[in-house]
Amino acid sequence: MDLKLELESDVMMNTNTSNNFVGKVKNRKVVHNATGSFLFILVMTTLIIALAIGFGWVVVPAGIKFAISTKAVISPDVNPDLYSAWIQPHVPVFLKVFLFNVTNPEDIKRGSPPIFKEIGPYVFLENRTKLNIQHYEETDTISYEEKINYNFQQTLSGNLELKDEITLVNIPFAPTVANGFISKGSLEQLQRTSFITRTVEEALFKGWVVQFLKKIEEDIGISLVDKNEFGILMQQNNTATGPYTVGRGTTDKSLFGKILKIGNNSKLDFWKEGSPCNEIDGTDGSIYPPFVNTDSVLRIYNADLCRSIYLTYNKSTNFEGIHGYHFTVPQSVLAAPTLSEENRCFCSYVEDEPERCIKRGALDLGPCREGAPIAISAPHFLDADPQYVADSGLVPDRTKHKTFIEIEPTTGIVINASKRIQINLILKRLKGIPAFSEVPELLFPLVWVDEVSFKNNLRHCQYQYSTLQII
């Protein structure tokens, strides 16, 4: 009797993307593939064959379970293949970026709703590696920093080029006004530049000199942003982040890959003190303990959201011949704080001024972005309050815009995944600033990203598969 188990190269989903909108971009963890993540199964061949011959197929499942449990450890000694792929993914990961080009800026200044033209994807190859790795045998943990850089892929981007121009709201004005840093000279600059046109390269990674920030420094001697430059993903390239401390899973499989500390802290401090919103609960999304079932909850710490999130079973699936479970983010994760007990601690106004709390399908990141009026949502406001969809004129499509993970249940290996997040400006009218005194108040979409494996969304390259045959 033959039993063939085909496991594709992992699609590891990293989920620590952070954009600090006052110029300090922090971590980004993205979806990535790692061939070696499942190669540990190959070293079980001899053991499993022996079990099959000696005891028959009745006991093989127990043998497989034991072998998988034994090898599900982040250790160069126990599982060198998994460890190598954990340090540096073996299969390419790509960041697909879609920008919202503003086509009617002058009308928006007079109160008209925005009209957007979505442009993209601009595709970037992501390279990441873990550095300064330290093992702690006594606590069965491992700490590390991670370095990331992005390289534009012209071929995969088609006719789109980094020199393309895009019109967008002058994003840096938001944290500037929110913190009260407006001088007469900078106000004059702001009036002329409420909407700006920049190249895609400047808008994303390269950045540009913000004249009204420069004027503030000249007038009052305060530099709000390094070199008075800003870019949505600026300072991301070649940036080392961390340290992170995770469980290795040697003695407790529930701690396999689980984030236990960020820096020296086992909890966050962004949200209501002492609340569950500050819990760090989950892995980085790249690895999970084995033996997942339909009742499992996949928990992830997501730095994009400055919080932990979770995914629940949606359906069984078959990806390239591999049986898997399809997990998605339930609407409860971004339920309105005024209507959700578990999310109440994400809005500091929920008791006294509930009308100031953000609605369903979005999260106000002000508490973890130095007060900047920035909110995260699913692309095109998928599953968000209908008002956000209507105000923006966007069209959500579940197939294109949902975040999901497909996981092989026995090994816990992620075989397919896509993380999709949209960054929005919380646009408000500003008294005393004519350029913003009549604008519509809404969540103003800026950009959305899709972090994927090459195979998942871009079918331009060949993949190698590993096949375990048990005879």
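**Notes on a predicted model**

Trainee: Where is Pro 121?
Mentor: Pro 121 sits in strand E5. Keep in mind that this is a predicted model.

Trainee: Is the peptide bond from Gly 120 to Pro 121 cis or trans?
Mentor: That bond, from Gly 120 to Pro 121, is cis, with omega near 5°. Most peptide bonds are trans.

Trainee: What about the bond from Gly 242 to Pro 243?
Mentor: The peptide bond joining Gly 242 to Pro 243 is cis, with omega near 5°. Pro 243 belongs to strand E11, which covers residues 239-247.

Trainee: New topic. What pLDDT does the protein average?
Mentor: The average pLDDT is 79, and 73% of the residues score at least 70.

Trainee: Where does pLDDT stay under 50?
Mentor: One stretch is residues 1-60, where pLDDT stays under 50. The model has 240 contacts beyond four places in sequence for residues 1-60. Another stretch is residues 455-471, again with pLDDT under 50. For residues 455-471 the model has 53 such contacts.

Trainee: On to charges. How many salt bridges are there?
Mentor: The count comes to 17 salt bridges. Side chains of opposite charge can pair when their charged atoms come close. One of the bridges joins Glu 126 and Arg 128, at 2.4 Å from N to O.

Trainee: Are Glu 126 and Arg 128 buried or exposed?
Mentor: Glu 126 and Arg 128 are both buried.

Trainee: Which residues are linked with Glu 126 in a network of salt bridges?
Mentor: Arg 128, Lys 130 and Glu 146 are linked with Glu 126 in that network. Lys 130 also lies over the face of Trp 86, at 4.8 Å from the ring centre.

Trainee: Which residue forms a salt bridge with Arg 344?
Mentor: Glu 351 does, and the closest N and O atoms are 2.7 Å apart. Glu 351 counts as exposed because its relative accessibility is 56%, and the cut-off for exposed is over 50%. Arg 344 has a relative accessibility of 24%, so this residue counts as partly exposed.

Trainee: And what does Glu 353 meet in a salt bridge?
Mentor: Glu 353 meets Arg 356, at 3.3 Å from N to O. Glu 353 is partly exposed, because its relative accessibility is 32%. Arg 356 is partly exposed as well, with a relative accessible area of 44%.

Trainee: Which ring does the charged end of Arg 356 sit over?
Mentor: The ring of Tyr 349, and the charged end of Arg 356 is 3.7 Å from the centre of that ring.

Trainee: Staying with rings, how many aromatic pairs are there?
Mentor: The count is 14 aromatic pairs. Phe 98 and Trp 448 make a stacked pair, because their planes are at 5° and their ring centres 4.1 Å apart.

Trainee: Where do Phe 98 and Trp 448 lie?
Mentor: Phe 98 lies in strand E4, residues 93-102, and Trp 448 in strand E20, residues 442-453.

Trainee: How are the rings of Phe 116 and Phe 444 arranged?
Mentor: Phe 116 and Phe 444 are edge-to-face, with 80° between the planes and 5.1 Å from centre to centre. Phe 116 is in strand E5, residues 116-136, and Phe 444 is in strand E20. This pair links distant parts of the chain, 328 residues apart. Phe 116 and Phe 444 are both buried. Strand E5 is also where Pro 121 is placed.

Trainee: You brought up Trp 86. Which residues form an aromatic cluster with Trp 86?
Mentor: Tyr 83, Tyr 144 and Tyr 244 form one aromatic cluster with Trp 86.

Trainee: Last topic, backbone angles. Is the phi of Cys 306 positive or negative?
Mentor: The phi of Cys 306 is positive, about 55°, although Cys 306 is not a glycine. Most residues other than glycine have a negative phi.

Trainee: Where is Cys 306 found?
Mentor: Cys 306 is in the loop between strand E13 (297-302) and strand E14 (307-319).

Trainee: Why does Cys 306 count as buried?
Mentor: Cys 306 counts as buried because its relative accessibility is 2%, and buried means under 20%.

Trainee: What is the phi of Asp 383?
Mentor: Asp 383 has a positive phi of about 65°, and Asp 383 is not a glycine. Asp 383 is placed in the loop between strand E17 (374-377) and helix H10 (386-392). With a relative accessibility of 23%, Asp 383 counts as partly exposed.

Note on methods
Residues are numbered from 1 along each chain as its sequence is written. Side-chain values use heavy atoms; hydrogens and water are left out. pLDDT is the predictor's confidence in each residue, from 0 to 100. Contact means heavy atoms within 4.5 Å. A salt bridge is a side-chain nitrogen of Lys or Arg within 4 Å of a carboxyl oxygen of Asp or Glu. Buried means under 20% relative accessible area, exposed over 50%, partly exposed in between (1.4 Å probe, protein chains only). Rings of Phe, Tyr and Trp (its six-membered ring) pair if their centres lie within 6.5 Å; planes under 30 degrees apart count as stacked, over 60 as edge-to-face and the rest as tilted. Helices (H or I, at least four residues) and strands (E, at least two) are DSSP runs, numbered from the N terminus. A charge sits over a ring if NZ of Lys or CZ of Arg is within 6 Å of the ring centre and within 35 degrees of the ring normal.
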